[in-house]
Amino acid sequence: NPRLHPEASLEKRNRVLYAMLDFGVIDESVYRAACEEPLVVRAARSKEDSVRSWFIETVLDDVTHDLEEKLGMKRETLETLLMSGGLSVYTTMRPEVQSALEETFDTLAGVPEGLHYAMVVVDTQSNTLAGIVGNAGKKEGNRLLNFATVPHTPGSVLKPLALYAPLLNEKRINAATVFDDVPVAFSEREGVYTEYPHNSPNVYDGLTPVCEGLRLSKNTLAARLYEMRGAEAIYRTLYRDFGFDTLVRSRETAGGGRLTDLALAPLALGQLTDGVTLRRLTEAYSVFPSDGIMRRGRSYLAVYDGDGNLIYENPGEEKEVFSPSCARIMNQMLSRVVESGTAKGIRLADSVDTAGKTGTSGESRDRLFVGYTPYYTAGIWCGYSSGGKSVPREAPSHLAVWDSAMEKIHRARLSDVPEEKTLRFSTEGLVRREFCMDSGELFSELCMLDPRGERMMSAYFTEDNLPTALCTRHVAVAYDTLTGAVACPMCPSDSVCTVAL
């Protein structure tokens with residue numbers, strides 16, 4: 001140690017210099033000049049300076065994984081090179097994004113003991129990793145568990161990726177397609193019937209269009225879409241297109257049972273066996289503001305050695321998963337989730353177009369939200385590491401934390417952009433149509449006579465996949481206003497009117 005034993009350290013340095021002279025690496029003049037140089041020891045870094053950020057540790061993990069896989073280098077060698085080998089790694093971090101995340105999470109107050117939070121931000125326009133935090137509170141050490149890069153149960157966050165967007169892309173549904181919001185099955189035990197799946201809240205609205213099912217996160221509609229699409233097709237989309245490599249096709253348990261994600265609960269309701277990482281979910285959601293193009297969120301661009309030679313360039317892989325029109329319709333439907341659905345109250349939507357989807361696991365053990373703007377896509381998760389406890393109601397809202405961080409991030413991004421030039425979600429190539437909520441077809445005069453009131457909605461469609469016929473579901477009937485039922489011949493004439501049911 002040169003600080004504790006400077007004389008011995010100086011002697012050792014000179015012995016190394018002599019060995020270099022002896023082997024002809026340096027000549028006599030260089031040797032003597034180097035021996036006369038004083039021993040210079042850098043000042044010790046403070047503990048705070050020695051703690052690496054969540055982003056830097058993510059980059060180290062990514063570089064180590066890539067060079068080990070692509071170049072066949074040994075992990076031990078790579079770790080030594082990265083820490084002391086003079087390599088230069090060019091990252092994708094946006095300092096203002098990482099600073100906003102750290103400011104938000106370092107000072108997050110009122111977090112119950114043992115509850116964790118994590119957040120990932122991807123630059124929507126370049127689809128590169130812009131910022132990441134792996135837990136709440138100031139980072140106090142290195143190689144801590146990063147909750148943004150370990151799997152969690154995604155819950156309903158999975159629905160747009162697994163069900164809505166693929167079926168919309170295949171033109172098997174549109175925003176107005178109507179399904180019955182009722183459970184798909186009932187089980188009986190000791191005279192008590194239990195419905196499946198449950199909605200949260202436990203409300204069932206009957207005939208419901210797809211755009212409303214997504215806005216309110218109806219589990220019953222997700223079950224219907226699962227039946228329409230099929231487990232194998234959903235599994236292929238998640239694994240092949242979005243890289244969800246933690247999916248379980250089949251696994252035997254210690255007790256001889258078998259686990260699989262090829263079922264309704266995992267693929268329609270997001271209750272995956274092993275879950276999926278927040279980072280991978282966030283990268284997947286960037287497909288919507290990117291006109292259907294899926295790009296893996298790189299954390300670094302290239303690695304160079306100490307002499308400036310390129311060791312590895314991280315390629316930007318991309319592929320079209322959905323058509324641009326499908327992605328644009330999904331932007332409009334997911335915007336409704338933020339405006340008046342399960343994520344309502346997000347203030348960012350007041351200043352920039354914002355869309356996204358909430359998700360929870362069983363008994364609220366995991367709470368997630370992945371949202372996006374034309375500028376950034378960001379995912380947040382909170383829960384306990386064991387997964388055995390529910391997130392308490394008094395804990396800081398993950399939606400509020402997401403909103404706070406994203407407002408800081410967009411304040412920096414939009415500070416120099418005139419309001420009229422702020423990016424919006426494009427509706428190019430789409431048409432807006434009004435339709436009947438009960439049939440999914442064009443609104444008719446009879447629809448206006450529904451005793452429940454307004455049954456008209458509007459949504460975006462493509463020209464080749466939109467409502468074309470008038471509603472035939474509403475039919476005119478004589479209605480008794482006293483009993484609130486279909487009139488019979490004995491009803492008083494002054495209480496009978498014509499309505500559509």
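**A helix pair and its surroundings**

Tutor: In this predicted model, helix 7 and helix 10 (residues 231-241) pack at an angle of about 110 degrees, and their axes are 9 Å apart. Because angles of 65 to 115 degrees count as roughly perpendicular, helix 7 is described as roughly perpendicular to helix 10. On the side of helix 7, the residues that make the contact are L161, A162, L163 and P166, and they meet I234, T237 and L238 of helix 10. Sorted by class, this contact has six nonpolar residues, one polar residue and no charged residues.

Helix 7 itself spans residues 159-169 and is mostly covered, with ten of its eleven residues buried. The buried positions run through K159, P160, L161, A162, L163, Y164, A165, P166, L167 and L168. Just after this helix, K171 takes a positive phi of about 60 degrees.

With its neighbours within four places in sequence left aside, F244 is in contact with L158, L161, L238, Y239, V276, R280, L281 and A284. Two of these partners, L161 and L238, also take part in the contact of helix 7 with helix 10.

Other partners of F244, including R280, L281 and A284, are found among the buried residues of helix 12. Helix 12 covers residues 278-285, and eight of its eight residues are buried, so it is largely enclosed by the rest of the structure. Its buried residues are L278, R279, R280, L281, T282, E283, A284 and Y285.

Helix 1 and helix 2 (residues 28-36) pack at an angle of about 175 degrees, with 10 Å between their axes. Because an angle over 145 degrees counts as roughly antiparallel, helix 1 is roughly antiparallel to helix 2. Here R13, N14, L17, Y18 and L21 of helix 1 meet E28, Y31, A34 and C35 of helix 2. By class, the contact of helix 1 with helix 2 has six nonpolar, one polar and two charged residues.

Before helix 1 (6-22) lies the segment that holds P2. P2 has a relative accessible area of 32%, which makes it partly exposed. Residues up to four places away in sequence not being counted, P2 touches S9, L39 and V41. The C-alpha atoms of P2 and A100 are separated by 39 Å, and these residues are 98 apart along the chain.

The strands complete the picture. Strands of a sheet pair through backbone hydrogen bonds, either parallel or antiparallel. Strand 13 (residues 300-304) pairs with strand 14 over three bridges in the antiparallel sense, and V303 stands opposite Y312 in strand 14.

A further open sheet of three strands has the order 22-21-23, again with antiparallel pairing. Its edges are strand 22 (485-486) and strand 23 (496-500), and each pairs on one side only. Strand 21 (residues 476-480) is joined to strand 23 by five bridges, and the two run antiparallel. V477 has V499 in strand 23 as its bridge partner.

Strand 6 (residues 185-189) and strand 7 (residues 192-196) are likewise antiparallel and are joined by five bridges. A185 has Y196 in strand 7 as its bridge partner. This hairpin has two residues between the strands, and E190 takes a positive phi near 55 degrees in it.

Of its 501 residues, 47% count as buried. Among contacts in the chain with a separation of 6 or more, residues 24 or more positions apart account for 69%.

Key:
Residues numbered from 1 in each chain as written. Predicted model: local features only at pLDDT ≥ 70, side-chain atom pairs only at ≥ 80, totals over all residues. Heavy atoms only, no water. Contact = heavy atoms within 4.5 Å. Helix = DSSP H or I, 4+ residues; strand = E, 2+ residues; numbered from the N terminus. Buried < 20%, exposed > 50% of the residue type's maximum accessible area, 1.4 Å probe, protein only. Axes fitted to C-alpha atoms, helices over the stretch in contact; angles between N-to-C directions. Parallel < 35°, antiparallel > 145°, perpendicular 65-115°, else oblique. Nonpolar A, V, L, I, M, F, W, Y, C, P; charged D, E, K, R; others polar. Pairing = 2+ DSSP bridges.
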